Amino acid sequence: MSNKITAAITAVGAYVPEDKLTNFDLEKMVDTNDEWIRTRSGIEERRILKGEGKGTSDLAAPAVLNLCEKRGIDPSEIDCMIVATVTADMLFPATANIVCHKVGAVNAFGFDISAACSGFLYALTLGTTMIESGRYKKVVVVGADKMSAIVDYTDRTTCILFGDAGAAVLLEPSENEYGIKDSILRSDGSGGEYLKMKAGGSCYPATAETVANKEHYIYQEGKTVFKFAVKGMADVSAELMERNNLTGEDIAWLVPHQANLRIIDATANRMGLSPDKVMINIQRYGNTTAATIPLCLWEWENQLKKGDKLVLAAFGGGFTWGATLVEWAYDGK
Ligand code: UT7
């Protein structure tokens, strides 16, 4: 028997704010309608974090506390906190540090990962290698985004898409043969121009002009991103299945990034999966960027069984994309 350590997800936690923004609310804000939004994206409503001074750490911290409670651990047992986000509380310090402080993870070090909608898979893969190294025993991987902070609610092409949420998983050395089995991550910086927030970084620091030009909001060329997303997410998922000798029949669940129902359907088709094997909650939360995949795991946790094969797949800004093969390590309640 090999002594190789396998990393396993041993708990899932999440937090969604109470306030809802429905398609009908948006109809009153921009020139759009419920029918267009549902048929083009699959979204019906999103959650919005309200309150002055509240940020992504206020989505991440309750998700981490939820996870610790479910696993029956104290936050002081966490070795490392990785937060995937593109809506950090501030440019620095890292949101992960703030989350550690808010939950009382006094023995953890933490840092942020910026890979947009693929951020959770990037962070999960990194956390997996940290557990596999034998050096760390409890790594928390958070996907959290307060997208409402960077959405222009006068731009009908983007404001209908995004919502706020935080969700997290705990990685530990596996106690059985199951866990994170494989991962393929990709990036292509030439896609950066199609989905970005131009100002507020070192190239274009905030000025009255950048504010007036609305350059502190999400800019997206939706059609271009859509085309790359359909191909990227399906290609990488197919490649992951092929190199692990898996067919659609072997997969219990596809856990896709929730950006557009049509992108999800295309990926499931390519993988030969029936719709009942696909986790979809985009209708209730919209695109919560780094939070979509762990939020799905959280909602479906009770239905998951030990040994279930899951393919987690994402595509997003950067461009970044990837797919991860998980053999679920515990039975849901
Ligand atoms: O998670 C990160 C990665 N992001 C994505 O994966 C998003 C990828 N893109 C998409 O999901 C889709 O491109 C959108 C949902 C953003 C847009 O759907 P689409 O089918 O690509 O629509 P479109 O941009 O081609 O627009 C079609 C029409 C246009 O009108 P004309 O030019 O045909 O007259 C738009 O002006 O729909 C119009 N339109 C709208 N109409 C009503 C655009 N936004 C809206 C709106 N309500 N909110």
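**Ligand shell and backbone geometry**

The shell around the ligand draws on both domains, with at least three residues from each of domain 1 (6-177) and domain 2 (181-327). This is a predicted model. The ligand sits in the second largest pocket. The backbone also has two cis peptide bonds to note, one between F92 and P93 and one between G318 and F319.

**Who surrounds the ligand**

- There are 21 residues around the ligand. T32, R40, K223, N260 and N287 come nearest.
- Sorted by class, the shell holds 9 nonpolar, 7 polar and 5 charged residues.
- Three helices each supply at least two shell residues: α2 (34-41), α7 (222-243) and α8 (261-271).
- Of the elements, α7 gives the largest share of the shell, with 4 residues.

**Polar contacts and cover**

- The side chain of K223 places an N or O atom 2.8 Å from an oxygen atom of the ligand. K223 is also one of the residues that come nearest to the ligand.
- The side chain of N260 has an N or O atom 2.7 Å from an oxygen atom of the ligand. N260, too, is listed among the nearest residues.
- G222 takes part through its backbone: one of its polar backbone atoms is 3.1 Å from a nitrogen atom of the ligand.
- On its own, the ligand has 960 Å² of accessible area, and the protein covers 75% of that.

**Backbone points to check**

- As background, most peptide bonds are trans, and most residues other than glycine have a negative phi.
- The peptide bond joining F92 and P93 is cis, with omega at about 5°. P93 lies in the loop between β4 (80-84) and α4 (95-103).
- The bond joining G318 and F319 is likewise cis. Its omega is about -15°. F319 belongs to the loop that runs between β12 (309-316) and β13 (320-327).
- K214 is not a glycine, yet its phi is positive, near 60°. K214 is located in the loop between α6 (208-212) and β10 (219-220).

**In brief**

Note on methods:
Residues are numbered from 1 along each chain as its sequence is written. This is a predicted model: local features need pLDDT of at least 70, side-chain atom pairs count only at pLDDT 80 or more; totals for chains, interfaces and linings use all residues. Side-chain values use heavy atoms; hydrogens and water are left out. A residue is near a molecule or strand if one of its heavy atoms lies within 4 Å of it. A polar contact is a pair of N or O atoms within 3.5 Å; within protein, one must be able to donate a hydrogen and the other to accept it, and residues adjacent in sequence count only if both atoms are side-chain atoms. Accessible areas come from the Shrake-Rupley method with a 1.4 Å probe; for residues, only the protein chains shown count as cover. On a 1 Å grid over the protein atoms alone, a cavity is a set of points where a 1.4 Å probe fits but cannot get out, and a pocket is an open set with protein on both sides within 12 Å along at least five of seven lines; lining residues have an atom within 4 Å of a point. A molecule sits in a cavity or pocket if more than half of its atoms lie within 2 Å of its grid points. Ala, Val, Leu, Ile, Met, Phe, Trp, Tyr, Cys and Pro count as nonpolar, Asp, Glu, Lys and Arg as charged, and the others, Gly among them, as polar. Domain bounds come from an automatic or database domain assignment.
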